[in-house]
Structures are given as structure tokens and as C-alpha cells.
Amino acid sequence: VVARVRSRRRGETSKHPQTRIAQPATRQLCIASEQSSQLWICRIATARAYFALFKTMSTSTAAATSTAAAATTADTQSSPKKRVLCLHGWRTNTFILEAQTMFLRSKLPRSIELVMLQAPIKTDKPADADIARVKGPYYQWWIDAIVAKGPEDIEASVHAGVAYAAKYVEEHGPFDAVLGFSQGAVMATLLTRHLVQKLNPDAPIEPGQQLKLPWQGNICVCGSAIPSKAWETEYIRNPLSIPTLHVIGERDKIRFKSEKLLKMYDSNKTRLFVHELGHRFPRMGDPLYNDIAAHMTDIVYGKVQYPEPALAAASAEDGTANAVAE
């Protein structure tokens, strides 16, 4: 099987040079196998290929044990393609985010496509030792404070990053949701606010406002810090009212930053999942993925309902693994 996969052509890529379309398992294995220096990603891709095969074999069993779930999946599978814009973390790249999201993708309907956008600032410095195992270059959404001359430089860089992502959305959209990891989750928040303001030029973002939205909702995984204290205060005072899914690591050293980002969204439209690890996606095989994927699918298809106030903030304080707001 591996020999046949290696002989196939490389997977499709977008015409945009900074875009990667998440590939099916066999194509991803082909890509990884050809990049022998990236052994870490190659192993992950191989595991994903085997997992996809296992998932295919177990489809009939899952359908027999859950008729309702099978009906929902069939409905979404037959629907038009849905697209989720995905923004990677600080000093990583789209290839790494594709690996980070592979288990999540295996739980999503095939009708949902993840489109990976590369950040505009290029660097040869990886985020950490694990990321360094993957050959660069790496990318980030705005400049670091250590190289900036002052807060104005950082804010200008952030605005440039938002404009870059907004231009991509304009040229390659529409998208049904946006997903971001770490710094990418912050960029997803900034981009959404920017587009909401653009769609509603005469209506401020504040509680009670009925605003046009650029997509159905946001998915924020281990969000980082907003690069401006003034912005942070404003966004918490006037949170975004959009369906949102937040994933936070219980042992994440910057968990408090993720919890601040959580407060920048309307708590009545927020659902929170807390996994047992640190600053990363949940471990492969974590049952939490079933609930995350189900709620993400509801967001993408605009099927989310919030009959009662969300309990996301309370669940974050309790540290529960899968406390949710119904």
C-alpha cells in the first residue's frame, strides 16, 4: 500500500501560494513520505492513513449503534461542501497545523474542508523544540515585542496581518467558519471583529446588537494573548456575539490567556471543552474529539442552538474535562 501511495502524484494545492488544502489520508502520506527529513510529520501522516482505514472499516458498526447520528452524518455528507479557514500558531506553518488537526478531521464529515492559510511573516526560528523537528521555514501573524520599537509597531503589524487575512477571505471565500490555534486563535478573533465592523459600518460591536456575520462561527484552540491591553479591555467589555467553540488545555502554562480570549465572546453562544494536556490539541484518540467535532459541525452548518445561558466561564474555573453550555 505504501509503495502504491508513494507512486501517486502530490495532493492538490490552492493557487494561492500561502494556502494548503487538508488532504485525504493517502495523499497526506504521499506528501510526508517524499519529505524524508521530516520524520516526525511522516510518522503522524502514516498513523493518520491507518486510522482512516480503520474508520472506514468501522463505519457500518457505528451506524448500527447510533441511528440518529448516522442520519445526521448522512445529511451533512450530502450537503454542499463547507469550508473552514484555518490559522496556524506562532512560528509554525500550515503543514504542522494539518498534522495537528488530522484526528479532528477524521471525526468531521467529508463535506467539511479545512483550508490552511500561511501567516505573512516568515522566520527560521521554530516555536519550540518539537516544532524544530519539522523543517522550516516557519511563520507568524505579527512581529514579536522583542523586535518592535514600541507598541505602535506591534499594532501596525497586527493590522497588516488582519488586512492580509481579510484580503484572502475576499479573494478565496466564502468560508463557513474560522479555526485558529494559539496565535491563530487570536488572529481569528481579530479577523472576525474586523469583518463584522466592515459588514456593519454604522453599528458598533456591543451587547444586544443584531449584526451581519462573515461566517457561522469560530473555533479557538488554546488561544493566546491579544497584543494590546486597550484592545483586550474593549473586546471583553463588548464581546463578539457569534457561535464559538473553545478548546483549552488543563495544564497549559498560558491557560489564563485562553480564558481571557474566551471572555471576548458572548458567553450565551460559547461552548468550552477542557482537555487534560497542555498547549496543544487534545491527544489522539481522546473521546473529547467526538463532542468537539459534533459541535464544530453544528457551527459550520448553522445548526447551533443556545436555549440557556452558557456555563463556559464556570466550567473553566472548575477545570472539568468536558463541561459544556447547552
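The legends below describe close-up views of a predicted model.

Residues are numbered from 1 along each chain as its sequence is written, and side-chain values use heavy atoms, with hydrogens and water left out. In this predicted model, local features need pLDDT of at least 70 and side-chain atom pairs count only at pLDDT 80 or more, whereas totals for chains, interfaces and linings use all residues.

**View 1. The aromatic pair Y168 and F175.** Rings of Phe, Tyr and Trp (its six-membered ring) pair if their centres lie within 6.5 Å; planes under 30 degrees apart count as stacked, over 60 as edge-to-face and the rest as tilted. The count comes to 4 aromatic pairs. One of them joins Y168 and F175, stacked at 6.1 Å centre to centre with 25 degrees between the planes. Y168 has 2% relative accessibility and therefore counts as buried (under 20% relative accessible area, with exposed over 50% and partly exposed in between; 1.4 Å probe, protein chains only). F175 is likewise buried, at 4%.

**View 2. The aromatic pair F181 and F281.** The ring centres of F181 and F281 are 5.3 Å apart and the planes are at 25 degrees, so this pair is stacked. F181 belongs to strand β6 (residues 177–181) and F281 to the loop between β9 (270–275) and α13 (288–300), so the pair ties together parts 100 residues apart in sequence. Helices (H or I, at least four residues) and strands (E, at least two) are DSSP runs, numbered from the N terminus. F181 and F281 are both buried.

**View 3. The largest nonpolar core.** A nonpolar core is a set of buried Ala, Val, Leu, Ile, Met, Phe, Trp, Tyr and Cys residues joined through side-chain atoms within 4.5 Å. The largest has 38 residues, and those with the most contacts inside it include L85, W142, L190 and W215. Two or more residues come from each of β2 (82–87), β3 (112–117), α9 (151–172), α10 (183–199) and α11 (229–237). α10 gives the largest share, 8 residues. Beyond four places in sequence, W215 is in contact (heavy atoms within 4.5 Å) with residues including V169, F175, L191 and I242. Another core, of 30 residues, lies apart from the largest one and has C222, V247, I292 and M296 among its members.

**View 4. The buried residue R91.** R91 lies in the loop between β2 and α6 (94–100). The relative accessible area of R91 is 14%, so R91 is buried. Leaving out residues up to four places away in sequence, R91 touches T123, K125, P126, A127, I131, Y138, Y139, Q140 and D144.
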